[in-house]
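Here is a friendly briefing to read alongside the structure.

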Amino acid sequence: MPLSGDLLRLADAVLFPGFTGHTPPDWLRRRLGQGLAGVALFSRNIADPAQVARLTAALRAENPSVLVGTDEESGEVTRLEVATGSSRPGGYALGVVDDVALTEALARDLGGDLAAAGITLDFAPSADVNSNPDNPVIGLRAFGADPILVSRHTRAFVRGLQSAGVAACAKHFPGHGDTSVDSHHGVPVVADGIEDALLPFREAIKEGVKAVMTGHLLVPSYDAELPATLSPKVLTGLLREELGFEGMIITDGIEMAAVAGAYGIGGASARAIAAGADAICVGGERADEATAAGIRDAIATAVTQGLLPEERLADAARRVRELASWAASSGSQASRDGSVGLAAARRAIRITRRSTAPVLPLTSPASVVELAPAMNLAIDRNTPWGVGQPLARLLPGTMVTRLVVGDSTGSALERLLGEATGRPLVIVVRDVHRHAWQEQALRHLLSARPDAVVVEMGLPERSDLGAVHIATYGSARVCGQAAAEVLTGRL
């Protein structure tokens, strides 16, 4: 039977699709005029802050109450600064510094940039407790591995962001930290108890966080069959009733294999709303009109078939409207401090000296070898990172070579060692403990040059590598700058 216009509009009122381009396409303008709840901006939509401000103004011209969300975590996951690398370190670096006033100030500064660009909902912070160092998708996005530390910095980030009039969104409920599978590709299972993982979400709720994003995780202690995004036991029973959260629940990207693999994108969307979610986020991988229309139609059809009570859909739309009303009335001119990010990155640096030789500071042009692993889909592969460029600015004549898996052959490494003769050697790695090829290349280089400096821009599981080991706890632009300052004695 044909779907009624009212029902389709109600389904649109819980949908946050993505799109392509730096201006809104005609189909998105049309849907916004018909009541589409919001949009999710990705790297492909962003050139610079001024362009984003024009884009969000165009969206609001069609629907003044539209919620505009994006993944701006700072650090590795940045959207506003995808072309340059983030001017702020990510969560783990902030946890290493462990100064909640700094975390709050950085989040307020970030919120000021987002608000100026017209973004009203930030899918941050990551409230995950990264208790598994082999986690392929959280890692440095978390504030750390201690639930109490993560909790206090989650609260500080929420306070700072929302004081700038931008809604915070704690993710990935009920906690993606103790997993070894990336939910973009499969279903992670949280096998043990989750009380520690829940603590940061409990604290974020106490702080008044406006939104919570679901994780596509199977938590057998609550639901042995359905991942959290699709589970009434997790979203309604645990998050709503036990934890008392009254704000908006939004899904992680609904096209991810962990949920769409079994039910399709539309089927997963309808099931998520039925389970207790209030909004569907889509578009990281599927950003076309047909996908957005298919989700809307699937949700409306689920109502007509009795799979989704209309009252539940109406309640979801109400929560979205309430968040939109808060966003429209809470805008503020937060003072912005362009120096807070670099200051935080400098404070996060940890140095282990393993040689009595005066390895640092470097005073002559160096050879820098950067070992670059493939990153998960949450991190834009085009985001600049590394130590080579900022070091070359401080030491002109520095040579920089970047190797990816397959490039680091014995002959290639020997060639680089030859080119580095008579020069300081700096080896930059990123999560070396998770990538055997990086470890092998590093061992090869250090066997020939034990005087080399190792800079770890990922999670430093080992600090006994190189004559000097520098841990930045992040690969943001400012982390590279801080490392270059250490290498040259400026920090």
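Is the crossing of H1 and H11 left-handed or right-handed? The crossing of these two helices is left-handed. Please keep in mind that this is a predicted model.

**H1 against H11**
- Helix H11 spans residues 310-329, and it packs with H1 at an angle of about 50°, the axes being 9 Å apart.
- That angle makes H1 oblique to H11, because angles of 65 to 115 degrees count as roughly perpendicular and those under 35 as roughly parallel.
- On the H1 side, Leu7, Leu10 and Ala11 make the contact, and they meet Glu310, Leu313, Ala314 and Ala317 of H11.
- Sorted by class, this contact of H1 with H11 has six nonpolar residues, no polar ones and one charged.

**H1 against H10**
- H1 covers residues 5-12 and H10 covers residues 289-304; their axes come within 8 Å and cross at roughly 120°.
- H1 and H10 are therefore oblique to each other as well.
- Here the crossing is right-handed.
- From H1, the contact uses Leu7, Leu8, Ala11 and Asp12.
- H10 contributes Arg296, Asp297, Ile299, Ala300, Val303 and Thr304.
- The class count for H1 with H10 is six nonpolar, one polar and three charged residues.

**The largest pocket**
- If you are thinking about space in the model, the largest pocket has a volume of about 820 Å³.
- Its lining is made up of 46 residues, and those closest to the pocket centre are Arg79, Leu377, Ala378, Ile379 and Asp380.
- By class, the lining divides into 17 nonpolar, 14 polar and 15 charged residues.

**Backbone details to check**
- Between lysine 171 and histidine 172 the peptide bond is cis, with omega near 0°.
- Histidine 172 belongs to strand E5, which runs over residues 167-173.
- A cis peptide bond also links phenylalanine 173 to proline 174, with omega near 5°.
- Proline 174 sits in the loop that runs between E5 and helix H7 (195-207).
- Aspartate 98 is not a glycine, yet its phi is positive, at about 55°.
- You will find aspartate 98 in the loop between helix H4 (91-97) and helix H5 (100-116).

Technical notes:
Residues are numbered from 1 along each chain as its sequence is written. This is a predicted model: local features need pLDDT of at least 70, side-chain atom pairs count only at pLDDT 80 or more; totals for chains, interfaces and linings use all residues. Side-chain values use heavy atoms; hydrogens and water are left out. Axes are lines fitted to C-alpha atoms, for helices over the stretch in contact, and angles run from 0 to 180 degrees between N-to-C directions. Helices (H or I, at least four residues) and strands (E, at least two) are DSSP runs, numbered from the N terminus. Angles under 35 degrees count as roughly parallel, over 145 as roughly antiparallel, 65 to 115 as roughly perpendicular and the rest as oblique. A crossing is left-handed if the near helix is turned anticlockwise from the far one by less than a right angle, and right-handed if clockwise. Contact means heavy atoms within 4.5 Å. Ala, Val, Leu, Ile, Met, Phe, Trp, Tyr, Cys and Pro count as nonpolar, Asp, Glu, Lys and Arg as charged, and the others, Gly among them, as polar. On a 1 Å grid over the protein atoms alone, a cavity is a set of points where a 1.4 Å probe fits but cannot get out, and a pocket is an open set with protein on both sides within 12 Å along at least five of seven lines; lining residues have an atom within 4 Å of a point. Grid points are joined across faces, edges and corners, and a volume is the space filled by probe spheres set on the points.
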